[in-house]
Amino acid sequence: MPKDNRNGNRTRRQSRTGRLPQRTSKHIIIVTDGRETAINYINGLKKTITGSGIRITIKQENPPENLVKEVLRLKNLSAASEPEPWVFFDRDDVPKFDDIIKEAEENGVNTAWSNPCVEIW
C-alpha cells in the first residue's frame with residue numbers, strides 16, 4: 001500500500017533487489033608472554049570490539065623467544081582463511097627484544113609491546 005511522504009505525496013516502497021554485503025569476519029591471534037597485565041589489556045580490547053565481526057584468540061607463552069613460533073603454529077592450525085598473527089610482550093622483561101622484532105618482521109607477524117612501567121601509568 002502506498003504511503004505518504006513528508007510532502008503528503010504518495011510514494012511506493014521500493015523492494016530490495018540486492019543483498020546486503022556480508023560482514024567479513026576477521027580473526028586475530030595474539031600470543032603474549034604476559035601473565036596478568038597483557039591478558040587484561042587484550043580482554044579489554046575484546047570487550048570493546050564485541051559485535052564488530054572481529055574474533056580474538058589469546059594464548060600465553062613463555063619464554064618470550066617462542067612467541068613468534070607459537071603464533072605461526074596457531075595460524076597454521078586456524079580454520080579461518082587468513083588469521084592475523086600478533087605477538088604482544090613486555091619490553092622490560094625481554095632480553096632479546098630486537099631479535100624477536102626481526103623474527104616477527106621476517107615471518108609477517110605483527111608486534112606490540114608495553115614499555116617499561118606502563119602498568120604504573
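This is a predicted model: local features need pLDDT of at least 70, side-chain atom pairs count only at pLDDT 80 or more; totals for chains, interfaces and linings use all residues.
Biologist: How many helices and strands does the protein chain have?

Modeller: The protein chain has 3 helices and 6 strands.

Biologist: What pattern do they follow along the sequence?

Modeller: Read the elements in sequence order. The protein chain goes β-β-β-α-β-α-β-α-β.

Biologist: Which strands form the sheet, and in what order?

Modeller: Sheet order must be read from the pairing. Here 4 strands form an open sheet, in the order E4-E3-E5-E6, with parallel pairing. E4 and E6 stand at the edges with a single partner strand each, so one side of each has no neighbour in the sheet. From one strand to the next, the twist averages 25 degrees.

Biologist: How many bridges hold each pair? I will begin with E3 and E4.

Modeller: Strand E3 covers residues 26-32. E3 pairs with E4, residues 54-60, over 7 bridges in the parallel sense.

Biologist: What about E3 and E5?

Modeller: E3 and E5, residues 84-90, are joined by 5 bridges and run parallel. Look at isoleucine 29 again. Its bridge partner in E5 is proline 85.

Biologist: And how do E5 and E6 pair?

Modeller: E5 and E6, residues 110-114, pair in the parallel sense over 5 bridges. Tryptophan 86 stands opposite asparagine 110 in E6.

Biologist: Where do the helices lie on these strands?

Modeller: Read which strands a helix lies across, then its angle. H1 lies across E3, E4 and E5, and runs at about 170 degrees to E4. Helix H3, residues 97-106, lies across E5 and E6 and runs at about 155 degrees to E6.

Biologist: Next, burial. What share of the protein chain counts as buried?

Modeller: The cut-off is under 20% relative accessible area. Of the 121 residues in the protein chain, 28% are buried. The exposed surface comes to about 9,200 Å², and carbon and sulfur atoms supply 49% of it.

Biologist: How many residues of E3 are buried?

Modeller: E3 is mostly covered, with 6 of its 7 residues buried. In E5, 5 of the 7 residues are buried, so the rest of the structure largely encloses that strand.

Biologist: Let me try one residue. Is histidine 27 buried or exposed?

Modeller: Histidine 27 sits in strand E3. Its relative accessible area is 9%, so histidine 27 counts as buried.

Biologist: Which side chains make polar contacts with the side chain of histidine 27?

Modeller: Arginine 55 is one of them, at 3.2 Å. Serine 78 is another, at 3.3 Å. Now compare sequence and space. Histidine 27 and threonine 57 are 30 residues apart in sequence, yet 7.6 Å apart in space, C-alpha to C-alpha.

Biologist: What share of contacts join residues at least 24 apart?

Modeller: Take contacts in the protein chain between residues at least 6 apart in sequence. Of these, 68% join residues at least 24 apart.

Biologist: One last residue. Where is glutamate 61?

Modeller: Glutamate 61 lies in the loop between E4 and helix H2, residues 67-77.

Biologist: What is glutamate 61 in contact with?

Modeller: Leave aside its neighbours within four places in sequence. Then glutamate 61 is in contact with Val31, Thr32 and Asp33, and also with Asn66, Leu67 and Glu70. Its side chain also makes a polar contact of 3.5 Å with the side chain of lysine 59.

Terms used: Residues are numbered from 1 along each chain as its sequence is written. Side-chain values use heavy atoms; hydrogens and water are left out. Helices (H or I, at least four residues) and strands (E, at least two) are DSSP runs, numbered from the N terminus. Buried means under 20% relative accessible area, exposed over 50%, partly exposed in between (1.4 Å probe, protein chains only). A polar contact is a pair of N or O atoms within 3.5 Å; within protein, one must be able to donate a hydrogen and the other to accept it, and residues adjacent in sequence count only if both atoms are side-chain atoms. Contact means heavy atoms within 4.5 Å. Accessible areas come from the Shrake-Rupley method with a 1.4 Å probe; for residues, only the protein chains shown count as cover. Two strands pair if DSSP finds at least two bridges between them. Axes are lines fitted to C-alpha atoms, for helices over the stretch in contact, and angles run from 0 to 180 degrees between N-to-C directions.
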